Amino acid sequence: MAMHGRHDATFALMFMVMLTIAAGNTALQSVLPALGRSLGVRDAEVALAFSISALFWVLAAPFWADRSHRHGRRAMILLGLGGYAVSLTLCGVFLAAGINSWVGGGAAFLLFIVGRVIYGAFGAAAPPAVQALVAGSTTREERTRALTLLASAFGLGTILGPALAPYLILGAIGPITIGLAGPAFVFALFGVAMFVAVWRRLPDDRRLPAEAHGAANAYPSIGGQSSGASVTAATAIESGARIGMLDVRIRAWLLVGLVMGHAQAMTGQVIGFLVIDRLGVAPVEALGATGLVLMTGAGASLLAQWGLIPLLDLRPRALVLVGLVLAVLGTWATGRATTLPAIATGYALASLGFGFVRPGFTAGSSLAVGPALQASVAGKVTSISGASFVLGPSIGVALYGWGHPLPYDAAAIACALLLPFGWRALRDPAAGGETPAA
(Lines give C-alpha, C1' and ligand atoms only; values in the text may rest on other atoms or scores of the structure.)
Protein backbone atom coordinates (compact mmCIF):
# COMPACT_ATOMS: atom_id res chain seq x y z
CA MET A 1 0.00 0.00 0.00
CA ALA A 2 1.45 3.31 -1.03
CA MET A 3 0.00 5.47 1.71
CA HIS A 4 2.61 7.59 3.46
CA GLY A 5 2.88 10.08 6.29
CA ARG A 6 -0.47 11.47 7.35
CA HIS A 7 -2.36 8.80 5.40
CA ASP A 8 -0.49 6.03 7.23
CA ALA A 9 -1.41 7.60 10.57
CA THR A 10 -5.02 8.00 9.47
CA PHE A 11 -5.24 4.36 8.40
CA ALA A 12 -3.74 3.17 11.70
CA LEU A 13 -6.29 5.24 13.61
CA MET A 14 -9.17 3.91 11.53
CA PHE A 15 -7.94 0.34 12.01
CA MET A 16 -8.00 0.90 15.77
CA VAL A 17 -11.52 2.31 15.58
CA MET A 18 -12.79 -0.84 13.87
CA LEU A 19 -10.82 -3.10 16.21
CA THR A 20 -12.15 -1.33 19.30
CA ILE A 21 -15.78 -1.60 18.18
CA ALA A 22 -15.54 -5.31 17.38
CA ALA A 23 -13.48 -6.22 20.46
CA GLY A 24 -15.76 -4.37 22.86
CA ASN A 25 -18.88 -5.91 21.42
CA THR A 26 -17.60 -9.47 21.43
CA ALA A 27 -16.02 -9.08 24.88
CA LEU A 28 -19.42 -8.15 26.28
CA GLN A 29 -21.09 -10.99 24.40
CA SER A 30 -18.61 -13.48 25.83
CA VAL A 31 -19.45 -12.61 29.46
CA LEU A 32 -23.22 -12.27 29.04
CA PRO A 33 -24.06 -15.95 29.58
CA ALA A 34 -22.17 -15.87 32.90
CA LEU A 35 -23.78 -12.54 33.77
CA GLY A 36 -27.26 -13.83 33.02
CA ARG A 37 -26.77 -16.95 35.11
CA SER A 38 -25.26 -14.93 37.99
CA LEU A 39 -28.20 -12.52 38.01
CA GLY A 40 -30.77 -15.29 37.77
CA VAL A 41 -31.92 -14.11 34.34
CA ARG A 42 -33.43 -16.59 31.92
CA ASP A 43 -31.20 -17.60 29.03
CA ALA A 44 -33.85 -16.36 26.61
CA GLU A 45 -33.48 -12.80 27.94
CA VAL A 46 -29.74 -12.96 27.34
CA ALA A 47 -30.40 -14.01 23.75
CA LEU A 48 -32.89 -11.15 23.41
CA ALA A 49 -30.10 -8.69 24.20
CA PHE A 50 -28.06 -10.12 21.29
CA SER A 51 -30.99 -10.12 18.91
CA ILE A 52 -32.29 -6.61 19.56
CA SER A 53 -28.84 -5.07 19.25
CA ALA A 54 -28.25 -6.91 15.95
CA LEU A 55 -31.69 -5.87 14.65
CA PHE A 56 -31.01 -2.19 15.24
CA TRP A 57 -27.56 -2.55 13.66
CA VAL A 58 -29.02 -4.17 10.53
CA LEU A 59 -31.62 -1.43 10.21
CA ALA A 60 -29.27 1.46 11.00
CA ALA A 61 -26.15 0.43 9.05
CA PRO A 62 -27.52 1.24 5.55
CA PHE A 63 -28.99 4.51 6.88
CA TRP A 64 -25.64 5.71 8.21
CA ALA A 65 -23.75 4.40 5.18
CA ASP A 66 -25.94 6.59 2.98
CA ARG A 67 -25.18 9.63 5.09
CA SER A 68 -21.45 9.18 5.60
CA HIS A 69 -20.66 11.15 2.43
CA ARG A 70 -23.31 13.80 3.10
CA HIS A 71 -22.40 14.90 6.61
CA GLY A 72 -18.70 14.13 6.68
CA ARG A 73 -16.90 10.94 7.63
CA ARG A 74 -15.40 12.43 10.77
CA ALA A 75 -18.81 13.36 12.13
CA MET A 76 -20.18 9.86 11.49
CA ILE A 77 -17.16 8.18 13.09
CA LEU A 78 -17.58 10.37 16.17
CA LEU A 79 -21.28 9.55 16.28
CA GLY A 80 -20.54 5.82 16.12
CA LEU A 81 -17.82 5.97 18.76
CA GLY A 82 -19.97 8.16 20.97
CA GLY A 83 -22.87 5.71 20.72
CA TYR A 84 -20.48 2.84 21.45
CA ALA A 85 -19.02 4.49 24.57
CA VAL A 86 -22.39 5.67 25.92
CA SER A 87 -23.92 2.25 25.31
CA LEU A 88 -21.16 0.34 27.09
CA THR A 89 -21.18 2.79 30.00
CA LEU A 90 -24.93 2.43 30.47
CA CYS A 91 -24.68 -1.35 30.10
CA GLY A 92 -22.01 -1.41 32.80
CA VAL A 93 -24.08 0.78 35.12
CA PHE A 94 -27.21 -1.31 34.65
CA LEU A 95 -25.33 -4.58 35.14
CA ALA A 96 -23.60 -3.22 38.25
CA ALA A 97 -27.02 -2.25 39.58
CA GLY A 98 -28.09 -5.86 39.28
CA ILE A 99 -24.83 -7.22 40.70
CA ASN A 100 -25.16 -4.97 43.76
CA SER A 101 -28.88 -5.82 44.13
CA TRP A 102 -29.99 -2.24 43.67
CA VAL A 103 -32.54 -3.62 41.22
CA GLY A 104 -33.64 -7.15 40.44
CA GLY A 105 -31.78 -9.21 37.87
CA GLY A 106 -34.66 -9.08 35.38
CA ALA A 107 -34.96 -5.29 35.66
CA ALA A 108 -31.19 -4.90 35.29
CA PHE A 109 -31.25 -6.91 32.08
CA LEU A 110 -34.18 -5.00 30.63
CA LEU A 111 -32.25 -1.78 31.22
CA PHE A 112 -29.18 -3.45 29.75
CA ILE A 113 -31.13 -4.12 26.56
CA VAL A 114 -31.87 -0.38 26.33
CA GLY A 115 -28.14 0.23 26.42
CA ARG A 116 -27.63 -2.34 23.67
CA VAL A 117 -30.21 -0.60 21.49
CA ILE A 118 -28.05 2.53 21.62
CA TYR A 119 -25.08 0.50 20.44
CA GLY A 120 -27.00 -1.09 17.58
CA ALA A 121 -28.59 2.18 16.46
CA PHE A 122 -25.55 4.47 16.64
CA GLY A 123 -22.49 2.21 16.71
CA ALA A 124 -23.30 1.22 13.13
CA ALA A 125 -22.50 4.78 11.99
CA ALA A 126 -18.73 4.37 12.37
CA PRO A 127 -17.71 1.44 10.07
CA PRO A 128 -19.07 2.83 6.76
CA ALA A 129 -17.59 6.24 7.52
CA VAL A 130 -14.23 4.64 8.35
CA GLN A 131 -14.35 2.80 5.03
CA ALA A 132 -15.15 5.98 3.14
CA LEU A 133 -12.33 7.87 4.81
CA VAL A 134 -9.78 5.17 3.92
CA ALA A 135 -11.20 4.90 0.39
CA GLY A 136 -10.76 8.64 -0.06
CA SER A 137 -7.12 8.41 1.05
CA THR A 138 -6.12 5.74 -1.49
CA THR A 139 -5.96 5.38 -5.23
CA ARG A 140 -8.35 2.97 -6.94
CA GLU A 141 -5.48 0.47 -7.29
CA GLU A 142 -4.74 0.58 -3.55
CA ARG A 143 -8.33 0.70 -2.35
CA THR A 144 -9.34 -2.95 -2.29
CA ARG A 145 -6.21 -4.00 -0.43
CA ALA A 146 -6.55 -1.18 2.09
CA LEU A 147 -10.22 -1.89 2.77
CA THR A 148 -9.61 -5.63 3.05
CA LEU A 149 -6.93 -4.99 5.65
CA LEU A 150 -9.29 -2.61 7.43
CA ALA A 151 -12.04 -5.24 7.46
CA SER A 152 -9.63 -7.66 9.14
CA ALA A 153 -9.83 -5.47 12.23
CA PHE A 154 -13.30 -6.88 12.87
CA GLY A 155 -11.91 -10.40 12.71
CA LEU A 156 -9.08 -9.56 15.08
CA GLY A 157 -11.61 -7.96 17.42
CA THR A 158 -13.53 -11.21 17.67
CA ILE A 159 -10.34 -12.81 19.02
CA LEU A 160 -9.16 -10.01 21.29
CA GLY A 161 -12.55 -9.30 22.87
CA PRO A 162 -13.16 -12.76 24.37
CA ALA A 163 -9.43 -13.11 25.11
CA LEU A 164 -9.33 -9.95 27.23
CA ALA A 165 -12.75 -10.22 28.87
CA PRO A 166 -11.80 -12.71 31.66
CA TYR A 167 -9.00 -10.37 32.76
CA LEU A 168 -11.32 -7.39 32.99
CA ILE A 169 -13.50 -8.79 35.77
CA LEU A 170 -12.96 -6.10 38.38
CA GLY A 171 -13.31 -6.18 42.14
CA ALA A 172 -14.98 -3.53 44.26
CA ILE A 173 -14.62 0.24 44.22
CA GLY A 174 -15.45 1.19 47.76
CA PRO A 175 -18.80 -0.38 48.60
CA ILE A 176 -19.67 -1.00 44.92
CA THR A 177 -18.94 -4.38 43.38
CA ILE A 178 -18.06 -4.19 39.66
CA GLY A 179 -17.44 -7.86 38.93
CA LEU A 180 -18.68 -9.08 35.55
CA ALA A 181 -19.64 -5.55 34.51
CA GLY A 182 -15.92 -4.76 34.26
CA PRO A 183 -15.49 -5.44 30.52
CA ALA A 184 -18.28 -2.98 29.71
CA PHE A 185 -16.63 -0.19 31.68
CA VAL A 186 -13.10 -0.89 30.42
CA PHE A 187 -14.10 -0.99 26.75
CA ALA A 188 -16.20 2.14 27.27
CA LEU A 189 -12.95 3.84 28.30
CA PHE A 190 -11.30 2.51 25.14
CA GLY A 191 -14.19 3.99 23.18
CA VAL A 192 -13.73 7.37 24.85
CA ALA A 193 -10.00 7.27 24.11
CA MET A 194 -10.71 6.55 20.42
CA PHE A 195 -13.33 9.33 20.35
CA VAL A 196 -10.76 11.82 21.66
CA ALA A 197 -8.13 10.60 19.20
CA VAL A 198 -10.48 10.97 16.24
CA TRP A 199 -11.68 14.37 17.48
CA ARG A 200 -8.13 15.68 17.75
CA ARG A 201 -6.45 14.06 14.75
CA LEU A 202 -9.01 13.95 11.96
CA PRO A 203 -9.83 17.16 10.11
CA ASP A 204 -13.23 17.89 8.62
CA ASP A 205 -13.40 15.80 5.46
CA ARG A 206 -16.58 16.71 3.63
CA ARG A 207 -14.74 17.22 0.34
CA LEU A 208 -13.68 13.64 -0.33
CA PRO A 209 -14.21 12.44 -3.91
CA ALA A 210 -17.79 11.34 -4.56
CA GLU A 211 -16.61 7.85 -5.53
CA ALA A 212 -15.06 7.30 -2.09
CA HIS A 213 -18.08 5.87 -0.32
CA GLY A 214 -18.56 3.50 2.57
CA ALA A 215 -20.88 0.52 2.85
CA ALA A 216 -22.93 -1.06 5.58
CA ASN A 217 -21.01 -3.61 7.64
CA ALA A 218 -22.49 -6.79 9.07
CA TYR A 219 -23.00 -6.87 12.84
CA PRO A 220 -19.70 -7.62 14.63
CA SER A 221 -20.58 -10.74 16.57
CA ILE A 222 -18.98 -13.84 18.01
CA GLY A 223 -18.30 -16.09 15.04
CA GLY A 224 -19.59 -13.53 12.55
CA GLN A 225 -16.48 -12.84 10.55
CA SER A 226 -16.56 -10.23 7.82
CA SER A 227 -18.05 -11.55 4.60
CA GLY A 228 -16.00 -9.16 2.50
CA ALA A 229 -19.17 -7.81 0.91
CA SER A 230 -18.70 -4.37 2.43
CA VAL A 231 -15.35 -4.09 0.65
CA THR A 232 -16.99 -4.98 -2.67
CA ALA A 233 -19.72 -2.42 -2.09
CA ALA A 234 -17.26 0.29 -1.07
CA THR A 235 -15.07 -0.23 -4.13
CA ALA A 236 -17.84 -0.73 -6.71
CA ILE A 237 -18.84 2.12 -8.95
CA GLU A 238 -22.39 3.13 -8.09
CA SER A 239 -24.48 2.45 -11.20
CA GLY A 240 -27.92 2.66 -9.67
CA ALA A 241 -28.71 -0.85 -10.96
CA ARG A 242 -30.46 -3.15 -8.51
CA ILE A 243 -31.00 -6.89 -8.26
CA GLY A 244 -33.67 -8.73 -6.28
CA MET A 245 -33.03 -11.28 -3.54
CA LEU A 246 -34.87 -13.93 -5.58
CA ASP A 247 -33.01 -13.31 -8.82
CA VAL A 248 -32.12 -16.73 -10.23
CA ARG A 249 -28.44 -15.79 -10.51
CA ILE A 250 -27.92 -15.24 -6.79
CA ARG A 251 -30.80 -16.79 -4.86
CA ALA A 252 -29.12 -20.17 -4.28
CA TRP A 253 -25.96 -18.46 -2.99
CA LEU A 254 -27.97 -16.19 -0.69
CA LEU A 255 -30.01 -19.12 0.63
CA VAL A 256 -26.79 -20.92 1.54
CA GLY A 257 -25.57 -17.78 3.31
CA LEU A 258 -28.82 -17.33 5.21
CA VAL A 259 -29.00 -20.93 6.46
CA MET A 260 -25.29 -21.08 7.24
CA GLY A 261 -25.46 -17.73 9.04
CA HIS A 262 -28.29 -18.90 11.28
CA ALA A 263 -26.43 -22.13 12.04
CA GLN A 264 -23.37 -20.15 13.04
CA ALA A 265 -25.35 -17.64 15.11
CA MET A 266 -27.27 -20.39 16.94
CA THR A 267 -24.18 -22.33 17.90
CA GLY A 268 -21.93 -19.37 18.65
CA GLN A 269 -24.28 -17.56 20.97
CA VAL A 270 -25.04 -20.56 23.18
CA ILE A 271 -21.45 -21.73 23.51
CA GLY A 272 -21.03 -19.83 26.78
CA PHE A 273 -24.00 -21.65 28.30
CA LEU A 274 -22.67 -24.97 27.01
CA VAL A 275 -19.28 -24.42 28.65
CA ILE A 276 -20.91 -23.57 32.00
CA ASP A 277 -23.24 -26.57 31.93
CA ARG A 278 -20.89 -29.19 30.50
CA LEU A 279 -17.98 -28.30 32.79
CA GLY A 280 -20.30 -27.98 35.80
CA VAL A 281 -18.61 -24.86 37.18
CA ALA A 282 -19.86 -21.54 38.51
CA PRO A 283 -20.56 -18.92 35.82
CA VAL A 284 -17.63 -16.70 36.80
CA GLU A 285 -15.24 -19.66 36.85
CA ALA A 286 -16.27 -20.58 33.30
CA LEU A 287 -15.16 -17.26 31.79
CA GLY A 288 -11.60 -18.34 31.06
CA ALA A 289 -12.78 -21.55 29.42
CA THR A 290 -15.41 -19.69 27.42
CA GLY A 291 -12.84 -17.17 26.24
CA LEU A 292 -10.52 -19.97 25.17
CA VAL A 293 -13.25 -21.70 23.14
CA LEU A 294 -14.28 -18.45 21.45
CA MET A 295 -10.67 -17.54 20.66
CA THR A 296 -10.13 -20.98 19.16
CA GLY A 297 -13.22 -20.63 16.99
CA ALA A 298 -12.37 -17.11 15.82
CA GLY A 299 -8.80 -18.15 15.12
CA ALA A 300 -9.96 -21.12 13.04
CA SER A 301 -12.26 -18.90 11.01
CA LEU A 302 -9.48 -16.40 10.35
CA LEU A 303 -7.12 -19.26 9.48
CA ALA A 304 -9.56 -20.30 6.78
CA GLN A 305 -10.01 -16.81 5.35
CA TRP A 306 -6.43 -15.56 5.62
CA GLY A 307 -4.44 -18.76 5.13
CA LEU A 308 -6.18 -21.83 3.73
CA ILE A 309 -8.45 -20.20 1.16
CA PRO A 310 -5.62 -18.28 -0.60
CA LEU A 311 -3.43 -21.40 -0.38
CA LEU A 312 -5.99 -23.85 -1.79
CA ASP A 313 -7.38 -21.39 -4.35
CA LEU A 314 -10.78 -23.09 -4.41
CA ARG A 315 -13.69 -21.83 -6.49
CA PRO A 316 -16.77 -20.52 -4.62
CA ARG A 317 -18.82 -23.72 -5.05
CA ALA A 318 -15.99 -25.86 -3.67
CA LEU A 319 -15.52 -23.47 -0.76
CA VAL A 320 -19.18 -23.82 0.18
CA LEU A 321 -19.27 -27.62 -0.13
CA VAL A 322 -16.02 -28.22 1.76
CA GLY A 323 -17.06 -25.74 4.42
CA LEU A 324 -20.44 -27.38 4.91
CA VAL A 325 -18.83 -30.79 5.45
CA LEU A 326 -16.54 -29.32 8.12
CA ALA A 327 -19.43 -27.43 9.71
CA VAL A 328 -21.53 -30.62 9.95
CA LEU A 329 -18.71 -32.51 11.66
CA GLY A 330 -17.81 -29.63 13.95
CA THR A 331 -21.31 -28.75 15.14
CA TRP A 332 -22.20 -32.40 15.74
CA ALA A 333 -18.99 -32.91 17.75
CA THR A 334 -19.52 -29.75 19.80
CA GLY A 335 -23.01 -30.81 20.80
CA ARG A 336 -21.63 -34.03 22.26
CA ALA A 337 -18.43 -32.73 23.83
CA THR A 338 -18.14 -32.96 27.61
CA THR A 339 -14.62 -31.66 28.25
CA LEU A 340 -12.99 -28.32 27.49
CA PRO A 341 -10.54 -29.70 24.88
CA ALA A 342 -13.39 -31.52 23.12
CA ILE A 343 -15.64 -28.45 23.13
CA ALA A 344 -12.82 -26.23 21.83
CA THR A 345 -11.89 -28.72 19.10
CA GLY A 346 -15.46 -29.22 17.91
CA TYR A 347 -16.18 -25.49 17.93
CA ALA A 348 -12.94 -24.75 16.06
CA LEU A 349 -13.81 -27.32 13.39
CA ALA A 350 -17.29 -25.83 12.97
CA SER A 351 -15.83 -22.31 12.79
CA LEU A 352 -13.30 -23.46 10.20
CA GLY A 353 -16.20 -24.74 8.10
CA PHE A 354 -18.17 -21.52 8.45
CA GLY A 355 -14.96 -19.67 7.59
CA PHE A 356 -14.95 -21.47 4.23
CA VAL A 357 -18.67 -21.05 3.52
CA ARG A 358 -18.93 -17.32 4.24
CA PRO A 359 -16.44 -16.10 1.59
CA GLY A 360 -17.67 -18.86 -0.72
CA PHE A 361 -21.25 -17.65 -0.87
CA THR A 362 -20.06 -14.03 -0.95
CA ALA A 363 -17.75 -14.62 -3.92
CA GLY A 364 -20.31 -16.79 -5.68
CA SER A 365 -22.96 -14.08 -5.42
CA SER A 366 -20.53 -11.43 -6.63
CA LEU A 367 -19.21 -13.43 -9.58
CA ALA A 368 -22.72 -14.38 -10.70
CA VAL A 369 -23.45 -10.84 -11.91
CA GLY A 370 -21.70 -8.17 -13.91
CA PRO A 371 -19.90 -5.03 -12.70
CA ALA A 372 -23.01 -2.84 -12.69
CA LEU A 373 -24.70 -4.98 -10.03
CA GLN A 374 -21.76 -5.43 -7.65
CA ALA A 375 -22.88 -2.81 -5.14
CA SER A 376 -26.44 -4.14 -5.07
CA VAL A 377 -25.35 -7.76 -4.59
CA ALA A 378 -22.89 -6.76 -1.87
CA GLY A 379 -25.71 -5.01 -0.04
CA LYS A 380 -27.81 -8.17 -0.19
CA VAL A 381 -24.93 -10.28 1.16
CA THR A 382 -24.35 -7.86 4.04
CA SER A 383 -28.03 -7.83 4.97
CA ILE A 384 -28.15 -11.64 4.89
CA SER A 385 -25.10 -11.85 7.14
CA GLY A 386 -26.52 -9.36 9.60
CA ALA A 387 -30.03 -10.82 9.62
CA SER A 388 -28.62 -14.15 10.78
CA PHE A 389 -27.72 -12.58 14.11
CA VAL A 390 -31.19 -11.15 14.66
CA LEU A 391 -33.10 -14.42 15.05
CA GLY A 392 -30.24 -16.92 15.25
CA PRO A 393 -29.32 -16.34 18.93
CA SER A 394 -32.94 -16.58 20.12
CA ILE A 395 -33.56 -19.74 18.09
CA GLY A 396 -30.38 -21.26 19.48
CA VAL A 397 -31.25 -20.48 23.10
CA ALA A 398 -34.81 -21.79 22.67
CA LEU A 399 -33.45 -25.09 21.35
CA TYR A 400 -30.84 -25.17 24.10
CA GLY A 401 -33.60 -24.90 26.69
CA TRP A 402 -35.18 -28.09 25.34
CA GLY A 403 -31.89 -29.97 25.21
CA HIS A 404 -28.27 -28.85 25.32
CA PRO A 405 -27.17 -30.60 22.09
CA LEU A 406 -30.19 -29.39 20.08
CA PRO A 407 -28.77 -26.12 18.67
CA TYR A 408 -25.73 -28.03 17.43
CA ASP A 409 -27.78 -30.93 16.09
CA ALA A 410 -30.09 -28.47 14.28
CA ALA A 411 -27.08 -26.67 12.79
CA ALA A 412 -25.53 -29.98 11.69
CA ILE A 413 -28.79 -31.11 10.06
CA ALA A 414 -29.27 -27.75 8.32
CA CYS A 415 -25.74 -27.79 6.91
CA ALA A 416 -26.10 -31.45 5.91
CA LEU A 417 -29.28 -30.63 3.98
CA LEU A 418 -27.50 -27.75 2.27
CA LEU A 419 -24.91 -30.14 0.85
CA PRO A 420 -27.12 -31.85 -1.78
CA PHE A 421 -28.83 -28.53 -2.46
CA GLY A 422 -25.49 -26.81 -3.02
CA TRP A 423 -24.23 -29.67 -5.17
CA ARG A 424 -27.20 -29.28 -7.52
CA ALA A 425 -28.03 -25.57 -7.38
CA LEU A 426 -24.66 -23.80 -7.11
CA ARG A 427 -22.70 -23.19 -10.29
CA ASP A 428 -19.41 -21.37 -10.57
CA PRO A 429 -19.63 -18.57 -13.16
CA ALA A 430 -17.71 -19.13 -16.37
CA ALA A 431 -14.38 -17.34 -16.51
CA GLY A 432 -14.77 -13.75 -17.62
CA GLY A 433 -18.55 -13.68 -17.53
CA GLU A 434 -21.56 -13.72 -15.25
CA THR A 435 -23.85 -16.67 -14.72
CA PRO A 436 -26.66 -16.37 -17.26
CA ALA A 437 -30.14 -15.78 -15.91
CA ALA A 438 -32.46 -18.71 -16.48
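How near do the axes of H9 and helix H14 (residues 374–402) come, and at what angle do they cross? Keep that in mind while we set up the view.

**Before you start**

This is a predicted model, in which local features need pLDDT of at least 70 and side-chain atom pairs count only at pLDDT 80 or more, while totals for chains, interfaces and linings use all residues. Residues are numbered from 1 along each chain as its sequence is written, and side-chain values use heavy atoms, with hydrogens and water left out.

**The whole chain**

Show the chain as a cartoon. Its secondary structure comes to 15 helices and two strands; these are DSSP runs numbered from the N terminus, with helices being H or I of at least four residues and strands being E of at least two. Next, colour by accessibility: of the 438 residues in the chain, 59% are buried, where buried means under 20% relative accessible area, exposed means over 50% and partly exposed lies in between, using a 1.4 Å probe and protein chains only. Turning to contacts (heavy atoms within 4.5 Å), consider those with a separation of 6 or more: residues 24 or more positions apart account for 85% of them.

**Stop 1: H9 and H14**

Now select H9 and H14. Their axes come within 7 Å and cross at roughly 40°. An axis here is a line fitted to C-alpha atoms, for helices over the stretch in contact, and angles run from 0 to 180 degrees between N-to-C directions. H9 and H14 are therefore oblique to each other; angles under 35 degrees count as roughly parallel, over 145 as roughly antiparallel, 65 to 115 as roughly perpendicular, and the rest as oblique. The crossing of this pair, H9 and H14, is right-handed. For handedness, compare the near helix with the far one: turned anticlockwise by less than a right angle is left-handed, and clockwise is right-handed.

Show side chains at the contact. On the H9 side, pick out residues including Leu254, Gly257, Gly261 and Met266; on the H14 side, residues including Ile384, Phe389, Gly392 and Leu399. The contact of H9 with H14 divides into 12 nonpolar, seven polar and one charged residues. In this scheme Ala, Val, Leu, Ile, Met, Phe, Trp, Tyr, Cys and Pro count as nonpolar, Asp, Glu, Lys and Arg as charged, and the others, Gly among them, as polar.

Stay on H9 and click Gly268, which lies in this helix. Gly268 is buried, at a relative accessible area of 3%. Leaving aside neighbours within four places in sequence, Gly268 is in contact with Ile222 and Tyr347.

**Stop 2: H9 and H12**

Trp253, Val256 and Thr267 of H9 make the contact with Pro316, Arg317, Val320 and Thr331 of H12. By class, the contact of H9 with H12 has four nonpolar, two polar and one charged residues.

**Stop 3: H3 and H7**

Select helix H3 (residues 73–99) with helix H7 (residues 182–201): their axes are 8 Å apart and they pack at an angle of about 160°. H3 is thus roughly antiparallel to H7. The crossing of H3 past H7 is left-handed. Among the residues that meet are Ile77, Leu81, Tyr84 and Leu88 in H3, and Phe185, Phe187, Gly191 and Phe195 in H7. The contact of H3 with H7 holds 17 nonpolar, four polar and one charged residues.

**Stop 4: Phe112 and the cysteines**

Which residues surround Phe112, leaving aside its neighbours within four places in sequence? Select it in helix H4 (residues 105–122) and you will find contacts with Leu28, Leu32, Ala49, Cys91, Phe94 and Leu95. Phe112 is buried, with 0% relative accessible area. Cys91 is 21 residues from Phe112 in sequence and 5.0 Å away in space, C-alpha to C-alpha. Cys91 is buried at 0%, and Cys415 also counts as buried at 0%. A search of the whole structure finds zero disulfides, a disulfide being a pair of cysteine sulfur atoms within 2.5 Å.

**Last stop: Asp409**

Finish at Asp409 in helix H15 (residues 406–425). At 17% relative accessibility, Asp409 counts as buried. Beyond its neighbours within four places in sequence, Asp409 is in contact with Trp332 and Arg336.
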